[in-house]
Amino acid sequence: MKQKFNKYMNMQNSRYAIKAVSFLILFFIYGAANAQEKRQISLNEAVQLGIENSKQLKLSRAKVDEAITQYEQAKDAALPTGKVSYAYNHAEIPENKLTAGPTTIELPKRADAWLGTFSLQQLIFAGNKLKYAKESTDLLTKVALLDVDRDKDDIVYNVINAYYNLYKVQQSRKVVDQNLQAIDKQIKQSQRFFEQGIVTKNDVLRFQLQRSNIEITGMDLDANRKIINYNLNVLLGLPENTQLEATQVAAGANQSVALNNLIDSALTNRSELKAYDLRGEVADKNIKSVKANMLPTFGVGVSAYYLNAGSLFIPPAERFITPISAAASLSWNFDQLWTNKNKVAEARIQKTQLAIGKDLTVDRVKTDVNQSFQNYLNAVDKIKVLQTAVDQARENDKILESKYQNNIASATDRVDAESQLFLQLINIELAKADAGLAYYSLIKSTGTITNINF
């Protein structure tokens, strides 16, 4: 009995051991699968990854391929057209006698026939409509390429925007950590003062409350960072659990640039304005193509036939004929002289609409550049003001720290001074990042963001 009990216990222990090992294996596998990969990434690297992995850019390039295919189809329309066919016919004739007066015609009971045709046609002239079609599709291909450039600009700016947001959260978190270290020292000092009877318990609680408020700020920053980090991973095509760390970013090129020069650059480089120019050329081709309806058309062709009035696929000699014919045709729908004028008017109105649309876009581009320019100047000026505020807050903090240690200032004054310094340090870090982002927004408004070095 004892041996059976020991055997049973050994079996149970083995099962528990197997379960424990299995649990540890699953735990490590799950932990490895969910472990975040930390990765430092520069702005230049982020932009390159965004361009390489953008689904929107891939879609735009597919549209370019479609436009190129349409252009090739327009070229194919100028090629000769050909057709070949071969048919077999069998007829049963139950009533095969036909009487007309004294004459009686007797037909066979059944009949077979083979008919083969071959034709080749070439349009020589159709008012240059094929030429205009090729030129129009070529221009539309260039428009599609401009759409790729515009989408690329948007992608680059979206990556920069997300990258700077990540950097702002990082810098703010660093300030929070520094302030937590500083407030911990204040709490320890206030507790010593309380034990010595220099300050009250309420003073200690004020510092502890300040620490709790800073911790809440840190929690909000951590939550925002997770959202920004996830969105940036999606933009860059990285695994969603990658923890990104933005390296140092520039606060923007602090240089004086004339607004008029920026507007001129935008009017030259913005892809939507270039697209309007190309679409205007397409409208000109369309007008010419519509006018071509009033011109005659000319074409040539050759046809060959095989006629076999018999049931055999390959008949004996003199049982089939093979006529071959060549033809040239000239046709003119002269009714287009009075029915086509409204179509021409419609094509001209479409061109006028494009011209008006371009003028509206020019105005929008100018206001866009001006707004970005003013925002950039304001962001740069804000850094200067905030730097002064930081210096003042730091000096005020030192003074009140000294007064508090000498029991001249209250804990409330000390907490307020630290809070102001904490606030100004975060503000200036955010302002520096905002200035950098405003600079890139200004460059984007000129249509040259993909030309700069990050």
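Select helix 2, residues 43-53: its buried residues are Leu-43, Ala-46, Val-47, Leu-49, Gly-50 and Ile-51. Buried means under 20% relative accessible area, with a 1.4 Å probe and protein chains only. Helices here are DSSP runs of H or I with at least four residues, strands are E runs of at least two, and both are numbered from the N terminus.

This is a predicted model: local features need pLDDT of at least 70, side-chain atom pairs count only at pLDDT 80 or more, and totals for chains, interfaces and linings use all residues. Residues are numbered from 1 along each chain as its sequence is written, and side-chain values use heavy atoms, without hydrogens and water.

Now show what covers the buried residues of helix 2: the cover includes strand 1 (37-41), helix 3 (55-76), helix 4 (129-195), helix 5 and helix 10. Contact means heavy atoms within 4.5 Å.

Next, select helix 5 (201-236) and helix 10 (411-445). Their axes come within 9 Å and cross at roughly 20°. The two helices are therefore roughly parallel to each other (angles under 35 degrees count as such). Show the side chains at the contact. Asp-203, Arg-206, Phe-207, Gln-210, Ile-214 and Thr-217 of helix 5 meet Ala-411, Thr-412, Arg-414, Val-415, Glu-418, Ser-419 and Phe-422 of helix 10. These residues divide into five nonpolar, four polar and four charged.

Finish at helix 6 (259-269). Leu-262, Ile-263 and Ala-266 are buried. They span an arc of only 100° around the axis, so they sit on the same side of helix 6. The buried residues pack against helix 7 (271-291), helix 9 (341-405) and helix 10. Turn to the other side: Asn-260 and Thr-268 are exposed (over 50%).

Definitions and conventions
Axes are lines fitted to C-alpha atoms, for helices over the stretch in contact, and angles run from 0 to 180 degrees between N-to-C directions. Angles under 35 degrees count as roughly parallel, over 145 as roughly antiparallel, 65 to 115 as roughly perpendicular and the rest as oblique. Ala, Val, Leu, Ile, Met, Phe, Trp, Tyr, Cys and Pro count as nonpolar, Asp, Glu, Lys and Arg as charged, and the others, Gly among them, as polar. The arc is that of the directions from the helix axis to the C-beta atoms.
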